[in-house]
Every structure is written in C-alpha cells, then in structure tokens.
Amino acid sequence: MTPEHSPGTRLDPWFGAYAARAHGMRASEIRALFAVASRPEVVSLAGGMPFIEGLPLEVIGEAVQRLIRTKGTTALQYGSGQGEESLREKIIDVVALEGVEAHPDDVVVTTGSQQALDLVTRIFVDPGDVVVAEAPSYVGALGVFRSYQADVVHVPMDADGLLPAELDATLTRLAAEGRRVKLLYTIPNYQNPAGVTLSLERRPQVLEICRRHGVLVVEDDPYGLLGFEGDPLPALRSFDDEGVLYLGSFSKTFAPGYRVGFVIAPHAVREKLVLASESAILSPSNASQLAVDTYLETCDWRGQIKAYREMYRERRDALVGALAEHLPSASWNVPAGGFFIWVRLPEGLDAKSMLPRAVTGRVAYVPGTAFYYDGRGADHMRLSFCYPTPERIREGVRRLASVVNAEAELVQLFGTSARPDDDPTDVEIPSPDLA
Amino acid sequence: MTSTARAVSSPVDARSRPDTSGMSDPSGSPPTPGPVVVLAGGLSHERDVSLRSGRRVAEALRAAGVEVQVHDVDADLLTFLRDSQPAVVWPLLHGASGEDGSIRDVLELLGLAYVGSGPRESRAVWNKPVAKAALLSAGIDTPPYVTLPQALFRDLGAQTVLDAIIERLGLPLVVKPVQGGSALGVTRVEHAADFPRAMVNCFAYGDTALIERAVDGVELAVSVIDAADGPRALPAVEIVTDGAYDYDARYNPGPVEYFAPARLSPEQAAQVADVAVRAHRTLGLRHLSRTDMILPPSGVPSVLEINVAPGMTETSLLPQAVVAAGLELPAVYRELVERAVPSRSA
C-alpha cells in the first residue's frame, strides 16, 4: 500500500454524531422484505391496517368539504396544544362506552396514540428506567421505549391476559435489584399481538399491584370497541383516575389517515403532556381534529363500529377456519375482538428465518421476535385478519401452509430449532406494516 | 484496451456536459436521448433496494437533461411499455426477473433498447456456479465451491453431506443461494455446528445452495463500464467492515468504511482492474457490471460474484467508483443511455 491514498468514508459525515438513542434506526433485511408485502400480488397477513373501504367515503367526503367551507379558517390554522375542545368533549362520549368517566379538560389530543406513547415515555422515563410490558407486546411501543433508552421487562400472559402473580413477583424482584420501574404498559383488550383480553376479575388486581409498587399504568386501548362478543369490559381507567393513563385512538374505529389519538390523564400529568406536545409539534392538526369531530357529529359512528365488528368477526372466523383446515400442526388463540391472531409454529420452525420463503410464496406475516424486547418469539408469528377479505385470508393461509410445510421439512432435515433473535432491534421502528 | 484501472473517458468530458436538456449542444455531443423508462421495484426480495436504485438513477438522468419515468414492474408492464414507447429502458430490477434475464427477454421481444447485458449473459451471471465455471475456464480465480440442491441433502442425509463438504473445502465456509444478491441468505460458517443453520437460512431464499471456501483478504468491488473503445474498469472500491458485509452493512451508511480508490499499489490496482475487465468480457457483458472479489495475501484476486444490475443506491459501490474516477454520475448514466440506443440493432 502507498501512503498517498485518500481517507476512507462511511458515507455519512455525521456517523459519529448520532445520539445513542438513534442506535437501531436503520434499514434491515426484515424491513426490506416488507417492501414486497405491500404489493397486491402478496396476501399480507402482516399489517394492522383497518379496512378503510368499509367507511362511507362519500358521506365523509361531503362532511369534510362542508367543514372546509364553514370552518376552514379554523381548520387550516394552528390550534391549541391540548386539542380542540369540541373534539375533547366528544371523546368523553366515546370512552364512556368503556366505562371511563372523565372531563374534557383531562384529555390531550395527540397525533395518533403513537405520539401519546412518545409523550408519556418522554416525561416519565430516564435512560435505564424499566418499563414492564406484556410478553409479547406491541412493536411500536417497544420502539418508543428503546428510543428513550428504557429497559423493558416482559411479564407473561395466559388466555385471560397478564398474570397478576407474575406481575407482582416481577415488580418485587426488580425493586430488590434496585431497578426503577416507571410504567406498566398494557393493552388490556384484544392485545397486539397476542389477541388476548385481560379478564374482568384481574383488572382490579393488576391496578392494586401497580399501586402498591408505585408504578403508573399506561393503558393502550385502540381495539376496546372492536369486540365480537357483547359489551366491552370496563377500562382500567374506569377503576382508577389517578394511577392510569388511558391512551385512545380513532385509527382503528375510524381512519388512521387523520392521525388522531388522545390521552386521558390526571391533572398534573396532563399539564406536562401538553407542554411536551407543544415542544414537539406545537399543536395537533386542526384539520384532522375537526374532520374527526365532524365525523362524530354528523355520521353514525356507533353504527360504523358495529359494522366493523361484524366485518372483522367474519374475517377472524375465516382465518381461524383456514388455520384449522390448512395448518393443523400450528396452534393459536381465538381472539374475541381486535385484529390479530398469535400463532405458535410447529416445533423447530423459526418465523424470522422463514419470512423470505413466505415472501417468495406471496404471503406475509410478522415474525414473533418483533414483539419482544429480548429476542424471544422466534417460534411465533402474528397474523392479522383486519385488511384482507375472507377469500384472500383463506388464500393467504393456503400459501402459508405450503411455506410452513416446506420449512418444516427443511428444519427436520437439518435438525435446527427456533432461536432467539440475535439482533432484536431489527424491526424497532414502528411502520404502518407493523402497526 | 489496457488492463489498468483507467477512468472511463467520455466522448465529451463528463463534467462539462450541460445540465439543461437540448437536442444538441455546441460541443457536438449527441442529442438528448428520448424518454427513458427506469424499471424498478418488482417482487423480488430486493424490491426495496431496487426502488432506491431506480430513484437515484432517475434523479441523476434528469440532472443530465434526460426525460425519465420510473415504473414499478407489474402485470401492466407490457401495455405500459407499448404505450410509452421509450427510447431506452434501464432495468434496475435487482434479484429474480431483473437479473435472471427474463425482463431483458421481454425487452428484446418488444424490440426496445435497454441499458445492460443481454438476457442470455444475464442468466449466466445470475446463476453463480455457471458464472464461476466460466471464470475458471478463462483462468480467473474464484473460491473452490460445491453447488447442492436441497433434495440432495434429503436423499443422502444432511449431516453426511455437510461433513463431506467440510472435509473437502475445510472451514470457514460461505453459504449462499445460487441466485440472488444483497447478501440475502448468505452466512459465513466458522464452526461446523453453525453449518445446519446456515443451510436453513440459505434455502429460505432458494432451493439450491452454493457453498464455497471463505477467502480472507482485502474485499474489493471493481465496476466496469463500456467506453467508446471497449470496457474499462473504474477505480476499485475497498470495503472495510468489523462484521459481515451483510444487508444491514450494505444499505446503512456508517458501519462500513469505504476506500475509493482502494488502498492498493498501482500494480495491485492494475491487477484487479484486469480481472474485472476480463470477467466482463468472458461473460459477454454489456454497458456495465460490477465484480466483487477478494485480494488475499497470496496476491491472486479471487472473484466472488459478478452483478449485471449493480446497486445504484446512496451506499452502493458503482456510484462510489464513478465519483472516485473523477466523473459525475449524471454524465456517466447519460452516456450509458446513449450507448444503449444502437444496441437495438446490435
């Protein structure tokens, strides 16, 4: 080698300048594979996208046109950091369906509940603090916790949701270790990804345990009104005004494109959330808020939720039926609502390493490792039934069965087994495909 | 054509080409080519990379005054191409259909001019063992290898076959699908215990595996571009990485340090350029190619693989080589488009 060679380049002059929290924010092989899943040739059982085609688009279009004509100067202007008062009033009516009693002043409107998660974590979590979450848990929440350099400790669930005794034992152990637990993050209804619901009996138990350990509960409830069997269970927030931050969203019950979510929080927390939100985005979109407000005022939103429930139940049944017919070697739960089924693969199969084969076979899912902070979950995959039609779901499962059978043969041939993800940051960044 | 790593010489100095469009310019350079269609996306595992490559090339061509449309490949492709009648098509599809020759077959069928190698040559390069055999016949070194379909492991017993491979090739090994790029499905096997897992990862991308002896040394990529007087090598790009040069390393700025030109002596630079140009010629490639190789301590470059549709993303190697040659991407890409026009009758 000669001394006059030019210096090397990392193609990013700021490579050494990024904050530690930016670690893991990068393109990955898994994310690249999801680029194919968005094509119509692929049956995607991966994304949690609501079936927007089910909305009365013409009615909504007319209402939004009228909104701009009559309230355009407000809709297109900056707004309040806390959110539009008329929408906050209507949010109180919506959450009352799950037994939540609150005042419009308790509500902070956010840019989707994803921003609510970000704000809550920002004001409560220092680097190294612990967030306790269900095992498995929502990939988008894990990404937020990671970006604030929190440590996530998972607590197991069964068919009735979070196990109170395990939660108590975990919080006791962490306290003994001198770890500071700030939040319990939970999705009590039709959990993402596991599909299970925290039983009525366990709800007060979980709250009592968290109260005793001084841990704030973050109740993330995007699917609560999308149950298939009877009335929704009372929200955790309905039992406790002070110890629960309730996160809600219009993304699943109306339309994610508007990006309107909200937090219901005790007074002091609410004040900090508003200040944090103003520093991040000044104010949530007035146009979006007023569109949702108009929808709630002029459209039959309760009827729409009922229609969604019926449609999603039909799709769940299609998925469960197809799994029983084509994939009897796997096991799964039957969710009573929401969007997802959590499937355990036959012995030895690794959902992450199988994904390229699935994409080749024109079907997509989310590998279970995305939903753990510690690399577990390789033996599971999340299937969503919200977007494809029943016919497409059945076709997707047929394709998936071929993929699983081929992979099973391979695994048997080489004697390998599912193994922990050696890089659990792969799908850290929440994307619409994984929502 | 000498075998040294000379920069491509354009008929008109690349840096002096005007950015504005026009049918001709006072220097007498060729008129602005007609509309160009960049094909990107598709359904391969490398769709995301292809979309990024397509956007970058389109951007550069527009900067060179060329009218460009980027088109994803779907069932409407034939209708679209018939209706739009582009002067030149640039297939920037990575992975299957893009690099296996099939899209190029379609372009030939439609009588459309395109940038890049023909279908038969693309097919040969896409199938790594076919390309390796051709290279060996031409006296170009490539790591010792075996190519085995999944069915053979089933018929003969996986462990027996794996043991035999290790006995013959030794460790470490590299396992990769016989077809495909971007290091998808590629695993370096240091220990025998990791071999079965590497095979499973590989077979997730295809039914046949290429297993070759790992060669340690300086990792290099040498791009070749056809100039007026024949194929010429651009300066070699050296890749230095702490871990594997895998998908993450390839498409995220930061973890990899690139040296362009590579830190080679003039003799070594000439040697690797010669290998890349010979590989390009041996395989009958056209317009552009990229040869990935290792320069081991023995001093004999060992070719790992050749690409007929090399990546054109922000972190890709051919664009780095163009810049290292003192050329500008818009001018070089425009010249490739201009060069493609006569290929219709070639």
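Two strands pair if DSSP finds at least two bridges between them. Helices (H or I, at least four residues) and strands (E, at least two) are DSSP runs, numbered from the N terminus. The model is predicted: local features need pLDDT of at least 70, side-chain atom pairs count only at pLDDT 80 or more, and totals for chains, interfaces and linings use all residues. Residues are numbered from 1 along each chain as its sequence is written, while chains are lettered from A and ligands numbered from 1 in the order in which they are written.

**Chain A overall**

Chain A has 12 helices and 14 strands. Its radius of gyration, 22 Å, is close to the 22 Å that the globule rule gives for 435 residues, so chain A is as compact as a globular protein of that length. The radius is taken over C-alpha atoms, and the rule is 2.2 Å times the number of residues to the power 0.38. Along the principal axes, the C-alpha atoms of chain A fill a box of roughly 65 × 60 × 55 Å.

Of the 435 residues in chain A, 51% are buried; a residue is buried if 20 or more other C-beta atoms, placed from the backbone, lie within 10 Å of its own. Two residues are in contact if their C-beta atoms, placed from the backbone, lie within 7 Å. Among the contacts in chain A with a separation of 6 or more, 78% are between residues 24 or more positions apart.

**Strand pairing**

In chain A, an open antiparallel sheet of four strands has the order β10-β11-β14-β13. Its edge strands, β10 (331-332) and β13 (366-367), each pair on one side only.

Elsewhere in chain A, β3(A), helix α5 (residues 139-147) and β4(A) make a right-handed β-α-β unit; right-handed means that, with the strands pointing away from the viewer, the path from the first strand over the helix to the second runs clockwise. A hairpin through two residues then joins β4(A) to β5(A).

In chain B, β7(B) pairs with both β4(B) and β5(B).

| Strand pair | Sense | Bridges |
|---|---|---|
| β10(A) and β11(A) (340-344) | antiparallel | two |
| β3(A) (130-135) and β4(A) (151-158) | parallel | six |
| β4(A) and β5(A) (161-162) | antiparallel | two |
| β4(B) (145-149) and β7(B) (208-213) | antiparallel | five |
| β5(B) (173-177) and β7(B) | antiparallel | five |

Bridge partners can be named for several of these pairs. V132(A) is partnered with V153(A) in β4(A), and D158(A) with G161(A) in β5(A). In β7(B), I211(B) is the partner of V146(B), and E212(B) that of V174(B).

**Contact between the chains**

Chain A brings 30 residues to the contact and chain B 35. On the side of chain A, the elements giving two or more residues are α1 (29-37), α11 (351-360) and α12 (390-414). That side has 15 nonpolar, eight polar and seven charged residues, where Ala, Val, Leu, Ile, Met, Phe, Trp, Tyr, Cys and Pro count as nonpolar, Asp, Glu, Lys and Arg as charged, and the others, Gly among them, as polar.

**Nonpolar cores**

A nonpolar core is a set of buried Ala, Val, Leu, Ile, Met, Phe, Trp, Tyr and Cys residues joined through C-beta atoms within 7 Å. The largest has 154 residues, of which L245(A), V263(A) and V175(B) touch the most other members. With nine residues, α12(A) gives the most to this core. Beyond its neighbours within four places in sequence, L245(A) has contacts that include V120(A), L216(A) and V263(A). A second, separate core of 81 residues includes V125(B), I140(B), L264(B) and L327(B).

Definitions and conventions:
Buried ≥ 20, exposed ≤ 12 C-beta atoms within 10 Å, placed from the backbone.
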